[in-house]
Amino acid sequence: MPFLERVESWFTRFEWRIVNGLVILLVLRRCISPLPSSLWLDETAIWWASGGGFSNWVEAMKTTQFQQSPLYTLLMCLVAQVAGFNEAALRLPSVAAMTAGAVLLYRACRSVFGPLAALHSLLLWISLGNVSFAAADSRPYGVGLFAVIWSMHTFLRWLQTGKAYLVIGNGIAIAIAIYCSYFYGVILIAQAAFVLIGHYRRWLRMRLVLLVSPILAGLLLIPAIPLVRALAAEAYLHSVSEMPSWTDLGVAWIPPRWVIAAAAATGILALLRPGRIHLTAYAAEPSSPLKRSAALYWLALLAVAPALSLFFYSHINKNPVFMPRYFLSMTPALAVLGAYAAHCFQPAMWRGLFAASLFVMSFLPGDIRFWTDHYIEDWRSASAILRQIRQEEPGVMILAGSSFIESMHLPMPVNAVQKRWLLTPQLAYPIPGPLELLPLELRPWNELDVRRTMNGAAERDHFLVLLPSSAPMVQWTFGRFLEDYQLAILHANPLVVRFERRVRRHASRDAAIGSAVIPAETGARFVGVRHPVATGGRVPQEGERTHRILSLPPLHTR
């Protein structure tokens, strides 16, 4: 097929420019376009810790129940003083850090595998949903990723040159990464394992200079010891994920998006040019055998250690922390290894189809929007709706549900400081007047306070509810009021609902919320009177457990 041969020749000639163009378009779509959008939940927590100046930052650091990165929030204090409350400006530190990280990642991969593989590593890295999300996110993970890549780059350079100042830079980079996320400290485990393997395989000899990096990082991290101890003592407050399975671990190591793109490229090329696909040794091998072998071992350890450590930590301590943002430190090494593997496939047209498939998948509507688009939680417009209603009806009651997992672990009522950080979206986008706090989920230690709040709402002819659309409290609130009130959904995510009384309330009805609405995983047993609408028209039996109390249509994001 002369036409296909010409296309393959053209792609081989312009491969660098084509992949570079795909990288730029992907960055614009996934990292730049969300910058002006509304802050989402966790970003409003950063604003709570930094928006009020240095004194507010000190107060936030003392609130160990809702701990934020001290280094990053201090940086955001400076940004807030200069730029004020501006969504794009608050996200610029992450954009700048990830841009610098991308440059370092390119240089690190180029020094080992060549410029073309380095460019493919950037494409693979940015295509990961968690990475592109961190790049435009006003949270510390973008800055932490830059520090991880900096440590990886300096260590690779030290292996090649042996210059001592690079080890000092490695120690500083590790300390910054751990200050941004304590889970990034796993890279020290990978580095220690590499030193032992390198000594055994005689790549390098044990030298005192190797101790400079961990010792320097440890000294710089001394101020964080009280915060780490407080976080460990209250770790149960922050656990939101389920216990990871081996499948979860495999998905972390081998991203499904890469597998699908590789399968698509293989299938298309097999149809067009049967028998042409084959594996070969990567042509752009480094000149030094030490450089090649040591780099592959180092990258493999960096790619494996974070997810594996959190996997076993979750199972051993029975406190699941296996969340994608906690093992983001593995993504740079994973991307470099993925680019190396892609360049072992021949012909070059396969790499082009793989890159194009990966690019197209990132633009499909069915992409994992939660990890890529900040505007799915539009607190800005939801608060604007409630602000307008409050101006027209100053006395209207608003039940505001907290989206934070900590809210269902704290006994209620909470104190004033706790209420501030449980309702951080309303600090970023203020709503005038009082707000009645609801937890994310009903538990025995907050049920009495929720009962009091619901009884107060039941005395009103109309009231408003602001809840995260995926929170269990949505179903419970609807189940409590749906029979006596008609509702109008004013905003989808977060959910803003107006309840208007349609019939006069029966005085004999028990207004209590029974524990029938507690999900099965809490292990609670049902007691008290249940409302028939809460279980589809029937009264559950004593000891029965259920997950849902209403069959409501799904709520779609605007």
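The structure holds 24 aromatic pairs.

Reader: Before we look at those, what kind of model is this?

Author: It is a predicted model, in which local features need pLDDT of at least 70, side-chain atom pairs count only at pLDDT 80 or more, and totals for chains, interfaces and linings use all residues. Residues are numbered from 1 along each chain as its sequence is written, and side-chain values use heavy atoms, with hydrogens and water left out.

Reader: Thanks! How do I read an aromatic pair, and which class do Phe146 and Trp150 fall into?

Author: Rings of Phe, Tyr and Trp (its six-membered ring) pair if their centres lie within 6.5 Å; planes under 30 degrees apart count as stacked, over 60 as edge-to-face and the rest as tilted. Phe146 and Trp150 are stacked, with 6.1 Å centre to centre and 25 degrees between the planes. Both sit in helix α8 (residues 141-161), 4 residues apart, so about one helical turn separates them. Helices here are DSSP runs (H or I, at least four residues), as are strands (E, at least two), numbered from the N terminus.

Reader: Which residues form an aromatic cluster?

Author: Trp246, Phe311, Phe312, Phe322 and Phe327 form one. A ring can also have a charge over its face: NZ of Lys or CZ of Arg must be within 6 Å of the ring centre and within 35 degrees of the ring normal. Arg480 lies over the face of Phe481 in this way, at 5.0 Å from the ring centre.

Reader: What does Trp298 touch?

Author: Contact means heavy atoms within 4.5 Å. Leaving out residues up to four places away in sequence, Trp298 touches Met152, Phe155, Leu156, Ala190, Gln191 and Phe194.

Reader: How many disulfides does the search find?

Author: A disulfide is a covalent bond between the sulfur atoms of two cysteines. With a cut-off of 2.5 Å between the sulfur atoms, a search of the whole structure finds 0. As for cysteine burial, Cys109 is buried at 1% relative accessibility, and Cys344 is buried at 13%.

Reader: How many residues of helix α17 are buried?

Author: In α17, 12 of 14 residues are buried, so the helix is mostly covered. Among them are Trp350, Arg351, Phe354 and Phe359.

Reader: Last one: where are the cis peptide bonds you would show me?

Author: Most peptide bonds are trans. The bond from Met412 to Pro413 is cis, with omega near 10 degrees, and Pro413 sits in the loop between β3 (397-401) and α19 (416-422). The bond from Asn493 to Pro494 is cis too, with omega near 0 degrees; Pro494 is in the loop between β6 (485-491) and β7 (495-501).

Notes: Buried means under 20% relative accessible area, exposed over 50%, partly exposed in between (1.4 Å probe, protein chains only).
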